[in-house]
Amino acid sequence: MTEKDNAKLTELETLRHSAAHIMADAVLRLFPAAKLAIGPAVEDGFYYDFDCERPFTEDDFKNIEEEMKTIISEKQPFVREEISRSDAMGMFKDNPFKSELIQELPEDETLTIYRHGDFVDFCRGPHIEHTGRLKAFKLLKVAGAYWRGNENNQQLQRIYGTAFSDKKELRKYLTLLEEAAKRDHRKLGKDLDLYSTLENYGPGLVLWHPKGGRIRNAMENFWRESHIKHGYEILFTPHIARLDLWKTSGHWDFYRENMYAPMKVDEVDYELRPMNCPFHILVYKSHLRSYREFPLRWAELGTVYRYERSGVLHGLMRVRGFTQDDAHIFCRPDQIEDEVGSTLDFSLYILKSFGFSDVDIYLSTKPEKYVGEDASWEIAESALKNALDKSKLEYKVDPGEGVFYGPKIDIKIKDSLGRAWQCSTIQVDFNLPERYDMEFVGKDGAKHRPIMIHRALMGSLERFFGVLVEHYAGAFPTWLAPVQATVLPVGEDFVDYAYEVAKQLKKDNVRVEVDDRNEKLGFKIREAQMQKIPYMLVVGAKEVEAESVAVRSRKEGDLGSMSIADFDKKVVSEILERCN
Ligand SMILES: [Zn+2]
Ligand SMILES: [Zn+2]
């Protein structure tokens, strides 16, 4: 292992990295031709990258795990040795990966190797005392990985595993993995026919299918209505513009690796937008602004395109084209605190409406390299801090973790499996107002620079939707469900009545369908359950007679008979309540 932060490994990371050594030892015992690349501890476990002609499969895991158990039972001590550069080069001369790493280390660095038994690795450590300390581990998957993450380099085989301090913790984690796999948004996206990605025509680009589209529409409608209620104006701006716009913003200099190659329009370079901000600034600059207009709150569901390496694309979570629920607030310095405070409240309201009330909040302050005056940073940081303190919310300060252009507040939501997802961000920006020479006329009649705040609440609609799918395991709350109720006639004689029921509900914009197929009721019910539809309305002779429906709720089971009007009222009020 040669990751930079090795010296700072936590106890669990030390255990996991040691597990990587033990796994590498086991692999070498079974496949002596394999060459080792790197084997760090990672967030939920560890991996080791191997160069080996024979492809590893999960069928090999049993043997490798058995071999690891043998090494563990041998209780071999981990021994640290300092070594000269030339000795290290000699020792690893047959291993191009280790050789490359050794050569790159600064001259004055003390090189170390770690041994256990016959196994030796070029490594900074630290390690557990002996191999017997590894009590609970499991190999999880094997995947291709490029040397140093670069597609131009050789492809290696990466074996992932995890390790915990005891078996109980390990079991808990494995259960979580199983649960996460069941609700994987890529699987449910297919099962529930919500979306797909343009595999052959553009990886990382998303097609929303009709049912996913219904959910997105509900998300957007709620988003738009609540923004208008909270004093926002809605903007619409183009997806491309002359490259010059991105030169002025600085994105072409500092963000180019995430931007696509420009295209020619009338011999001039045009660029797909990676951000919406410059367009909002152009709207701002369309006429002279006065302090009296402030705060200006402008929101846009703005679709942006950012380059991501194909290897990191992942369902809806990491894509190349996505829609931000973006907004920019322009205000005076003395308004930052109020604006940040109300944005924070608004953000929590939106997240809660989608069912996320458990959040972690972070305040990130001035980094080493920054733009803007120190005095402005102080004003902005204390405004953010005051807004957080007033909100009485718990938060953590990440010193020095702000963006170069200003301090920020980030909100991470926790899903039903306890996993954290970074969604909302509120960022003060001292950079763009300067670059675009933005001004307003103050009370004193003189010209001043406005404060610009970027904020996104859901972040990316695509990713947020992916999180929603996994959070609810596809069983969306009624207001989001693509089909809110399905009417199930018990026989052909009742199909007309079923459509009558649907017609009445549709008048109130309930998303309702009729399953008029000539199938058994049990079959239709099972299918509706698989589709996770909140309400099934069974209709037969009794219901026709009483002008009612027999209601089965996904959550509460059999609710008995209800008049059509009563069910209508019930479902409409539930839709309006959302998740609150
Ligand atoms: Zn090591
Ligand atoms: Zn922005």
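Is Lys69 buried, partly exposed or exposed, and what is its relative accessibility?

A: Keep in mind that this is a predicted model, so what follows describes computed positions. Lys69 counts as partly exposed because its relative accessibility is 45%, and the cut-offs put anything under 20% in the buried class and anything over 50% in the exposed class.

Now for its partner. Lys69 makes a salt bridge with Glu66, and the closest N and O atoms of the pair are 3.6 Å apart. That falls inside the 4 Å limit for a salt bridge. Both residues sit in helix α2, which covers residues 61-73, and they are 3 residues apart, about one turn of the helix. Glu66 is partly exposed too, since its relative accessible area is 42%. As a general point, side chains of opposite charge can pair when their charged atoms come close.

Another links Arg419 and Asp415, where the closest N and O atoms are 2.9 Å apart. Asp415 counts as buried, as its relative accessibility is 6%. There is also a network of salt bridges, and its members are Asp25, Arg29, Glu67 and Glu74.

Glu462 is another acidic residue to look at. Glu462 belongs to helix α14, residues 461-471, and is buried because its relative accessible area is 4%. Setting aside neighbours within four places in sequence, its contacts include Arg216, along with Val206, Trp208, Leu316 and Phe322.

On to the metals. The zinc ion (ligand 1) is held by His17 (NE2), His21 (NE2), Cys123 (SG) and His127 (NE2), at 1.9 to 2.2 Å. The angles among those 4 donor atoms run from 93 to 128°, and the site is tetrahedral. Along the chain, the donor residues follow the spacing H-x3-H-x101-C-x3-H. His17 and His21 are about one helical turn from each other because they are 4 residues apart in helix α1 (residues 11-30). Both of these histidines are buried. Cys123 is buried as well, because its relative accessibility is 2%.

The zinc ion (ligand 2) has Cys277 (SG), His328 (NE2) and His454 (ND1) as its protein donors, at 2.0 to 2.3 Å. The donor spacing in sequence reads C-x50-H-x125-H. Cys277 and His328 are both buried, and for Cys277 the relative accessible area is 6%.

As for cysteine pairing, the count of disulfides is 0. Cys123 gives its SG to the zinc ion (ligand 1), and Cys277 gives its SG to the zinc ion (ligand 2).

Back where we began, then: Lys69 is partly exposed and is bridged to Glu66, with both residues in helix α2.

Methods:
Residues are numbered from 1 along each chain as its sequence is written. Chains are lettered from A and ligands numbered from 1 in the order in which they are written. This is a predicted model: local features need pLDDT of at least 70, side-chain atom pairs count only at pLDDT 80 or more; totals for chains, interfaces and linings use all residues. Side-chain values use heavy atoms; hydrogens and water are left out. Donors are N, O and S atoms within 2.8 Å of the metal (3.2 Å for Na, K and Ca); water is not among the atoms, so sites may look incomplete. Four donors count as tetrahedral if all angles lie between 85 and 135 degrees; four count as square planar and six as octahedral if opposite donors are over 155 degrees apart and all others between 65 and 115; anything else is irregular. Helices (H or I, at least four residues) and strands (E, at least two) are DSSP runs, numbered from the N terminus. Buried means under 20% relative accessible area, exposed over 50%, partly exposed in between (1.4 Å probe, protein chains only). A salt bridge is a side-chain nitrogen of Lys or Arg within 4 Å of a carboxyl oxygen of Asp or Glu. A disulfide is a pair of cysteine sulfur atoms within 2.5 Å. Contact means heavy atoms within 4.5 Å.
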